[in-house]
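The following exercises are to be worked with the sequence and the coordinates side by side. Each task is followed by a solution that goes step by step.

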Amino acid sequence: MAEHILILGGGIIGLSCAFTAAERGFRITVIEPNMPGGQASGAAAGMLAPFSENTEQPDDFFHLCRESLKLYPSWIARIEDASGEKIEWHETGSLNVVYHEADINPLYSRILWQNRYGADARLVMPEELREMEPALTHDVKAAVYYPNESHVYAPGLVTALEKACMARGVTIISQTGDIEEVRLSGSDIAVATANAGDLSADRLVVCAGAWSGLYERWFGITVPVHPIRGQICAYEVPFGEVRHMIFSPQAYWTSKANGTLVCGASEDVAGFDTSVTDKGIGRLVRYGPKTLPMLEQLPVVHRWAGLRPATRDGRPLLGFVSGMPQVIMAAGHYRNGILLSPVTAEAVVSLLEGRPAPVPLAAFSPDRFTAVAGGGRFR
């Protein structure tokens with residue numbers, strides 16, 4: 001009988017791990033306390049932008065993001081094939097804009113190191129910029145153009161991925177309520193839930209997003225994952241009127257096929273509160289016309305928020321829990337859960353199969369925040 005894997009969390013990361021593991025012959029059950037894709041996944045703008053998001057140096061996190069972008073074409077094709085759904089994926093490229101001449105020179109060194117890793121980036125000056133993106137304000141002095149960056153419609157991706165999982169035989173148990181206990185005894189694993197009773201499996205993959213810190217008590221490690229509320233809004237703008245993803249120092253904008261221009265994201269610490277605030281959306285609304293003058297007269301037609309699972313160093317927790325070879329963590333992806341879903345799934349399944357991961361995982365060890373003294377752990 002196939003090895004049974006229990007995946008805790010039905011967001012983009014949990015569903016991605018479930019889908020890939022099911023493709024490889026594992027028997028998979030996903031436990032979701034609420035509804036699949038209901039938190040950070042469904043609220044995301046869906047940007048696949050490893051170069052725009054990593055501007056300082058080619059560190060381990062950059063390589064993880066870059067590898068995941070390379071996996072996306074086959075990833076989407078596999079999900080579409082399994083689900084029968086067409087995923088909205090736009091290879092628009094992106095523009096990272098600056099407003100001051102003094103900010104132009106630092107862009108050259110950024111382009112230089114990123115192009116060594118396949119960015120194909122170049123600096124675009126105002127005259128060409130007006131042709132590429134007529135909606136931009138003339139106050140923009142230059143932009144870095146990344147032709148290989150793209151974006152997906154995140155809610156549609158999550159829906160397709162859920163269908164793909166079910167088509168591959170994954171059992172998804174929704175609305176289980178709180179995880180009340182995780183019991184590990186030798187090779188036996190049992191998870192007690194508030195609404196679905198006890199569930200057991202051979203191995204456990206924790207993809208609990210902003211709630212991953214709750215597992216400290218059962219795993220004996222420090223899991224400093226905390227929720228960051230990301231607030232996003234949208235305007236009614238015909239698809240393609242803004243041709244690229246646009247990143248500025250204060251916000252980003254991306255055009256969706258449903259006729260909305262998504263603007264994000266205002267971030268704050270509010271615990272597990274997902275309410276939308278006038279202050280959070282107001283900052284985006286005030287800043288928008290400084291980059292896209294058309295927004296001055298447009299009302300916001302939709303506003304929402306999601307909880308982004310952040311770690312202390314901004315990197316995910318990805319790997320085995322020390323001393324627990326039957327437990328893998330894949331959590332804390334912060335703003336990059338959509339981008340990192342395929343590489344995270346490949347890494348988790350590689351660990352399940354006993355093979356090397358597609359990229360080195362040492363920098364993402366789930367134990368890296370746990371102090372050790374006298375042979376025992378303390379927090």
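**Exercise 1. Describe the second largest pocket by its volume, its lining and the elements that contribute to the lining.**

Solution. The second largest pocket of this predicted model holds about 440 Å³ of space. Its lining is made of 22 residues, and those closest to the centre of the pocket are Ser52, Phe247, Ser248, Pro249 and Gln250. Taking the secondary structure next, two or more lining residues come from each of helix H3 (50-53), strand E5 (94-98), helix H5 (105-115) and strand E17 (260-268). By residue class, the lining comprises 10 nonpolar, 6 polar and 6 charged residues.

**Exercise 2. Identify the buried residues of H5 and the elements that cover them.**

Solution. The buried residues of H5 are Leu107, Arg110, Ile111, Trp113 and Gln114. The cover over these buried residues includes H3 and E5, together with helix H4 (60-83), strand E6 (122-124) and strand E7 (142-146).

**Exercise 3. Find the residues with the most contacts inside the largest nonpolar core, and list the contacts of isoleucine 7 beyond its sequence neighbours.**

Solution. The largest nonpolar core contains 65 residues, and Ile7, Ile28 and Ile79 have the most contacts inside it. If neighbours within four places in sequence are set aside, isoleucine 7 is in contact with Gly14, Cys17, Ala18, Ile28, Thr29, Val30, Ile31, Val205 and Cys207.

**Exercise 4. Locate glutamine 175 and tyrosine 334, which have positive phi although neither is a glycine, and state how accessible they are.**

Solution. Glutamine 175, with a phi of about 55 degrees, belongs to the loop between strand E9 (171-173) and strand E10 (179-185). Its relative accessible area is 52%, and the cut-off for exposed is over 50%, so glutamine 175 is exposed. Tyrosine 334, with a phi of about 50 degrees, lies in the loop between strand E20 (324-331) and helix H10 (337-353). With a relative accessibility of 24%, tyrosine 334 counts as partly exposed.

Technical notes. Residues are numbered from 1 along each chain as its sequence is written. This is a predicted model: local features need pLDDT of at least 70, side-chain atom pairs count only at pLDDT 80 or more; totals for chains, interfaces and linings use all residues. Side-chain values use heavy atoms; hydrogens and water are left out. A nonpolar core is a set of buried Ala, Val, Leu, Ile, Met, Phe, Trp, Tyr and Cys residues joined through side-chain atoms within 4.5 Å. Buried means under 20% relative accessible area, exposed over 50%, partly exposed in between (1.4 Å probe, protein chains only). Contact means heavy atoms within 4.5 Å. On a 1 Å grid over the protein atoms alone, a cavity is a set of points where a 1.4 Å probe fits but cannot get out, and a pocket is an open set with protein on both sides within 12 Å along at least five of seven lines; lining residues have an atom within 4 Å of a point. Grid points are joined across faces, edges and corners, and a volume is the space filled by probe spheres set on the points. Helices (H or I, at least four residues) and strands (E, at least two) are DSSP runs, numbered from the N terminus. Ala, Val, Leu, Ile, Met, Phe, Trp, Tyr, Cys and Pro count as nonpolar, Asp, Glu, Lys and Arg as charged, and the others, Gly among them, as polar.
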